Amino acid sequence: MTNNNLAKVEKGWERGVIASKIANDLPHASYVNLGIGMPELVSQYIKEDREIIYHSENGLLGMGPTPNENEIDFDLINAGKKPVTILPGGSFCHHADSFSMIRGGHIDYCVLGAMEISIDGDLANWSTGKGIPAVGGAMDLVAGAKNVFVMTQHLTKEGKPKLVKKCTLPLTGSGVVSRVYSDYAVLDITKEGFKVIELNENISLEYLQTVTEGKVYQ
Amino acid sequence: MQINKIKTDISEILSDVFDGATIMVGGFGEAGSPIELLHGLIDHGAKDLTIIANNSGNGRVGLGALIGQKKVKKVICSFARSAKGITFQELYNKGEIELEVVPQGTLAERIRAAGSGIPAFYTATAVGTPLAIGKEEKVFNGKKYILEEALNADFALVKADVADRYGNLTFNKTARNFNPIMCMAAKQSLIQVSKLIEPHQTNPENVITPGIFVKKIIQIEKPIIETNAIEEGMIYP
């Protein structure tokens, strides 16, 4: 595998396409925590046939969309510390209760970004090993949520695989990832390796294998 | 004589704070952050403090100002990195401030445990990660857990919305966050509130923090909004 190889690749799915695939896999009436950044897109692709309840770590269940400029309230923010709204039927709680929802296994799905995902389902997404270490709620989410979905580009900006045999960066959790949604494929973590659930129409299984460390199979 | 926890002077609220104290600071980012009490603490002058909070302050107001004034030797928090976190960043880069990183839920649970008389507990959070190093590991029902100890504090600085003289508190929206559990975990919880009401106006069904967890209260009617203060270039003191 070389960078020359990578340069020939057809473009992967756009972020919105990845988000819509995740949205389609979230069942009606699920309690869901969406990570800061790319995973937040998922809420825009939920179909009308279902209602999803969003949890934010800072004590908000039933989170709504971003408010209008004139409705911003600095006491009503999300885990990314950005102003949000609360929907009818929503509630506030303190931080220990909010994390009991996570750590007690009450959150059905969490969607997070990744730096590395190993074939055993290990996740590294909180530290590059440089700068001020800051973990937030990521370790609680991956340890406690019933299903941990990762939304990511298949390759790093440098063109290296993010799906690896063993993570080299500090772990967020060990054996915690259920499924990976990348711009190239949707893959389940299984004992046999990365099982391809859906493959980008422009990408062959052979190619996917060249940009993934560890066995990929259909 | 009636019980009355309401004080009128911020120095009276902070009178027992001593050098080397461990102080919990409520808030998640700016929501629920007790900025006026933190400014009072700078004026009070206590130093060598250990701060337990979710974050490490923004700009040079509130916790950011306290850290900037070099009153803090150690911060225990989940997320000490933010674009506006200039004072912590500066001291951390110079090696002049200690940091203990704690996963946010473990931080909350360690605080809750302290307030509930639980010295330690097992959790699955951080198992197999660098934050589990040195911690006892135990298997329950085939799953690994690590032992985490309660986080006690001498004082908690807390921002609430409404209080009565007994110390019954309610909070505003997501400004609740760590504040109620910090009231429970500290030997003295020191509260700033926007509104005071008479006890007969308190609806017992709606009390979030019962008065037993509260030591002293001061009214700050229109607390500083951190985002606006930083935008306006506020520097404390």
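The model is predicted, so local features need pLDDT of at least 70 and side-chain atom pairs count only at pLDDT 80 or more, while totals for chains, interfaces and linings use all residues. Residues are numbered from 1 along each chain as its sequence is written, and chains are lettered from A in the order in which they are written.

Let's start where the chains meet. The contact takes 33 residues from chain A and 38 residues from chain B, with residues in contact if their C-beta atoms, placed from the backbone, lie within 7 Å. On the side of chain B that touches chain A, helix 5 of chain B gives the largest share, six residues. Helices here are DSSP runs (H or I, at least four residues), as are strands (E, at least two), numbered from the N terminus.

Now look at helix 5 (residues 104-115) of chain B beside helix 3 (residues 95-103) of chain A: their axes come within 9 Å and cross at roughly 125°. Axes are lines fitted to C-alpha atoms, for helices over the stretch in contact, and angles run from 0 to 180 degrees between N-to-C directions. Among the residues that meet here are A:Phe99 and A:Ile102 from chain A, and B:Ala108 and B:Arg112 from chain B.

Finally, the backbone. Most residues other than glycine have a negative phi, and most peptide bonds are trans. A:Ala29, in the loop between helix 2 (15-25) and strand 1 (31-34) of chain A, has a positive phi of about 70°. In chain B, the peptide bond from B:Tyr236 to B:Pro237 is cis, with omega near 0°; B:Pro237 lies in the segment after helix 7 (226-231) of chain B.

Terms used. Contact = placed C-beta atoms within 7 Å.
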